[in-house]
Amino acid sequence: MSRDERRPEAATTSSLDGVDTADCSEVLGRVFFFLDNELAQADCAQIEHHLEECGPCLARYDLERTVKTLVRRSCSEQAPDTLRQRVMVSIREVQVEIVRTDPRG
């Protein structure tokens, strides 16, 4: 096993068994929308295919799905719509900032 294969972050910077690593950042950038069923069917199929082929992305997806499930189970109250909207805007701003500052491109 090479040094790069042991590091999960290497999966997004080098080629893995035919998986286009440029797709990794795109898939991970849309995984929240995928989890929330906010993507078109064709986009969902593309992400599902990538996750079948890319172990590191699948691991990140599984982690995000697990966290989302635990939060859903833990929260019995629903926030007011105005608060929910403000939180969603903040989350999207952080996601955009992360994408902009990601050294992997």
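In which helix is I91 found, and which residues does that helix span?

Reply: I91 is found in helix α5, which covers residues 81-101. Helices here are DSSP runs of H or I with at least four residues, strands are runs of E with at least two, and numbering starts at the N terminus. This is a predicted model, where local features need pLDDT of at least 70 and side-chain atom pairs count only at pLDDT 80 or more, while totals for chains, interfaces and linings use all residues. Residues are numbered from 1 along each chain as its sequence is written, and side-chain values use heavy atoms, with hydrogens and water left out.

I91 is partly exposed because its relative accessible area is 39%. Buried means under 20%, exposed means over 50%, and partly exposed lies in between (1.4 Å probe, protein chains only). A salt bridge puts a side-chain nitrogen of Lys or Arg within 4 Å of a carboxyl oxygen of Asp or Glu. Areas come from the Shrake-Rupley method with a 1.4 Å probe; for residues, only the protein chains shown count as cover.

Next, the setting. The chain has 5 helices and 0 strands. Of its 105 residues, 21% count as buried. The chain exposes about 8,000 Å², and carbon and sulfur atoms supply 52% of that.

What about the inside? In soluble globular proteins, nonpolar side chains tend to be buried together. Here the largest nonpolar core has 13 residues, and F34, L39, I47, L51, C57 and Y61 have the most contacts inside it. α2 (21-35), α3 (41-53) and α4 (55-74) each supply at least two of its residues. α2 gives the most, with 6 residues. Such a core is a set of buried Ala, Val, Leu, Ile, Met, Phe, Trp, Tyr and Cys residues joined through side-chain atoms within 4.5 Å.

E64 sits in helix α4. E64 is buried yet has no salt bridge; R60, the nearest side chain of opposite charge, is 4.4 Å away. Lys and Arg count as positive, Asp and Glu as negative; His and the chain ends are not counted. Beyond its neighbours within four places in sequence, E64 is in contact (heavy atoms within 4.5 Å) with V31, F32 and L35.
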